[in-house]
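Have the chain open in your viewer and try each task before reading on.

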Amino acid sequence: MAKSNGLIETLTPIPANHMDIHAWADYIELQCLFNVDKQVSRNDILDIVRPRVTDLGEIHDDFIPSDASESSLNESVVMDGDRWARECRDWFLNIQYRMGAFGDSYPFMLSPRTDSILLRDNLDIKQKLYIFFLLAANLPYASNSQRFKLASNFECLCYRALQMLMPTHAEVHQFGKSSTNTGRYTGTLWSKVNTLASDLNVSLSSGVNIEHFSPHDTGDNGLDLVAWIPMSSRSSITGRYHDGADGLIVIFAQCACSADQWASKQHSSSAQHWRSLLQLKADYVNMAFIPFCFRDASGGWHKPHEISATVLVDRLRLMYMLRDYTTENGALEWISFADDALAHEEPVN
């Protein structure tokens, strides 16, 4: 394996399921990003995929015929060139969709024959933002030392995106146990839950007391971001809002970079989950932020059945929410990850 830049150490294995077309589109973009020539063709991808399936066994059950014997497996995969070509064509169709959907923010471009993808020159901040989300969506390829930093910076950008979505007088805060959270909700979970209850003008659920919380628990109970819209002005004396009643417009959100776990984690910030701690009279909006472009080539959700009672914010929606983002909005550490990836000049295997 060639020397890495400490950010992405490998592009092995290939995506496990050929039907996860959005993951394959990401994989092709990563191959382009870390290719010495900053471009990759369909044939290049096929040359990468075929030996990894036949020689290394990187294959999903969907690729294996139910009656295939071990001796015939390699032969069937090698001979089924037409199927691989069709799969690769679909992956590039998803990339073609992304070009249209992300517009000028998309850092790649397709060749006139749409059989190759190339990295654009002199990327602007929006295109670098896309590169960061691409990296955050593919943590298994990142070095262990960088994964937590990528995830923390992703949460911070989701915080900025929620700020830009909400009215200017709204309260938006990080709640999660992230290195970028230095705001209102820090310390022990017990302390954070009490502060949150006071902010939302609600009481703790019956029976909830300090004895149920470890004094060493600084976790977040599955909540990364919280936002609400005040319904009154603040007191000039106490600094608290004059409206002390509950029933505010509230958003709870989870930020997840794991392709395998985001669907289950979306419920950790739901009202049903948090009613065990807070007496909530009204349901609030539950959101899940993910760095994936969770789309098929038509722009619909890739697997809509995995989204449950949640407003899903994927890469496309995040890029739109951050459309007016500038360096003056803060949260700048993420740029270094994009710049490191763009400066990489040696291939990653």
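**Exercise 1.** How many of the seven residues of strand β6 (residues 249-255) are buried?

Residues are numbered from 1 along each chain as its sequence is written, and side-chain values use heavy atoms, with hydrogens and water left out. The model is predicted, so local features need pLDDT of at least 70 and side-chain atom pairs count only at pLDDT 80 or more, while totals for chains, interfaces and linings use all residues.

*Solution.* Strands are DSSP runs of E with at least two residues, helices are runs of H or I with at least four, and both are numbered from the N terminus. Buried means under 20% relative accessible area, exposed over 50%, and partly exposed in between (1.4 Å probe, protein chains only). Six of the seven β6 residues are buried, so the strand is largely enclosed by the rest of the structure.

**Exercise 2.** Find which strands pair with β6, and in what sense.

*Solution.* Two strands pair if DSSP finds at least two bridges between them.
- Step 1: strand β5 (residues 225-229) joins β6 in the antiparallel sense over five bridges, with A253 as the bridge partner of L225.
- Step 2: strand β7 (residues 285-289) joins β6 in the parallel sense, also over five bridges, and here C255 stands opposite F289.

**Exercise 3.** Describe how α5 meets α11.

*Solution.* Axes are lines fitted to C-alpha atoms, for helices over the stretch in contact, and angles run from 0 to 180 degrees between N-to-C directions.
- Step 1: the axes of α5 (residues 125-136) and α11 (residues 333-343) come within 9 Å and cross at roughly 85 degrees.
- Step 2: angles of 65 to 115 degrees count as roughly perpendicular, and α5 and α11 are therefore roughly perpendicular to each other.
- Step 3: the α5 residues in the contact include F132 and L135, and those of α11 include W334 and F337.

How values were computed:
Angles under 35 degrees count as roughly parallel, over 145 as roughly antiparallel, 65 to 115 as roughly perpendicular and the rest as oblique. Contact means heavy atoms within 4.5 Å.
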